[in-house]
Amino acid sequence: MSEPAAAARGRVEAAWQRIDEWLRDFAPATAERWNAPATPEQIAELQRELGVQLPGDLVVSLGVHNGARVGGFTLPPLYAPLSTTEISRKARELCARVAEWDGQFVPFASGGAGSVLYLDQRGAARLAEHSGAGRGGWPPTLPDLLEQTAELLSSGTGPLAARYRPTVDGDGALGWVVR
């Protein structure tokens, strides 16, 4: 299993902590919809199934949140973090369905209708989107995406603020408005 650098571990954990604190304070219904953290065994099994070493920052992220249940947290605007089981299933599906899908691509969030955010393992775990209608302009790495999401939630600022705005409905569930 890929052991993340201390800096990447710190960035991912700190970003998730900021996101979780905001959710507890402002979107409690969403805060309650996380899966339990992935175990080292689940992460090792995922790595075996994919046949590729997982990026260290994804390992850390899965160790904080192993995806979210239906109706839970989404990265802006609609990407639900996947569990280890869902990552494996989605990777198999994409390999079978998409000719250019490379085994070095690790999906980690699904937006439905076939769109995914994934990490491209052919280089430095570059973050990208696979979707016919993608808006592009994603941060280059998973830690960057999590930090920018935390900044957007906590202060309404940052690179994602020009494209998305968080909203919370009367039941305490987070949603995103596309600008």
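How many salt bridges does a search of the whole structure find? In this predicted model, the search finds six salt bridges. The close-up views below present several of them, together with a helix contact.

**View 1. Packing of helix α4 against helix α6.** Helix α4 (residues 56-64) and helix α6 (residues 142-155) pack with their axes 9 Å apart, at an angle of about 45 degrees. The two helices are therefore oblique to each other. Residues D57, L58 and S61 of α4 make the contact with L142, P143 and L146 of α6. By class, this contact of α4 with α6 comprises four nonpolar residues, one polar and one charged.

**View 2. The salt bridge between R11 and D144.** The closest N and O atoms of R11 and D144 are 2.4 Å apart. Because R11 belongs to helix α1 (residues 6-26) and D144 to helix α6, the pair ties together parts that are 133 residues apart in sequence. R11 is partly exposed, at a relative accessible area of 29%, whereas D144 counts as buried at 19% relative accessibility.

**View 3. The salt bridge between E147 and R11.** Here the closest N and O atoms are 2.7 Å apart. E147 in helix α6 and R11 in helix α1 are 136 residues apart, and the pair links distant parts of the chain. E147 counts as partly exposed, with 26% relative accessibility.

**View 4. The salt bridge between R97 and E93.** The side chains of R97 and E93 meet at 3.4 Å, N to O. Both residues lie in helix α5 (residues 84-97), four residues apart, about one turn of the helix. R97 is partly exposed at 47% relative accessibility, and E93 is partly exposed with a relative accessible area of 35%.

**View 5. The network of R11, D144 and E147.** Salt bridges that share partners join R11, D144 and E147 into one network.

Key. Residues numbered from 1 in each chain as written. Predicted model: local features only at pLDDT ≥ 70, side-chain atom pairs only at ≥ 80, totals over all residues. Heavy atoms only, no water. Axes fitted to C-alpha atoms, helices over the stretch in contact; angles between N-to-C directions. Parallel < 35°, antiparallel > 145°, perpendicular 65-115°, else oblique. Contact = heavy atoms within 4.5 Å. Nonpolar A, V, L, I, M, F, W, Y, C, P; charged D, E, K, R; others polar. Salt bridge = Lys/Arg side-chain N within 4 Å of Asp/Glu carboxyl O. Buried < 20%, exposed > 50% of the residue type's maximum accessible area, 1.4 Å probe, protein only.
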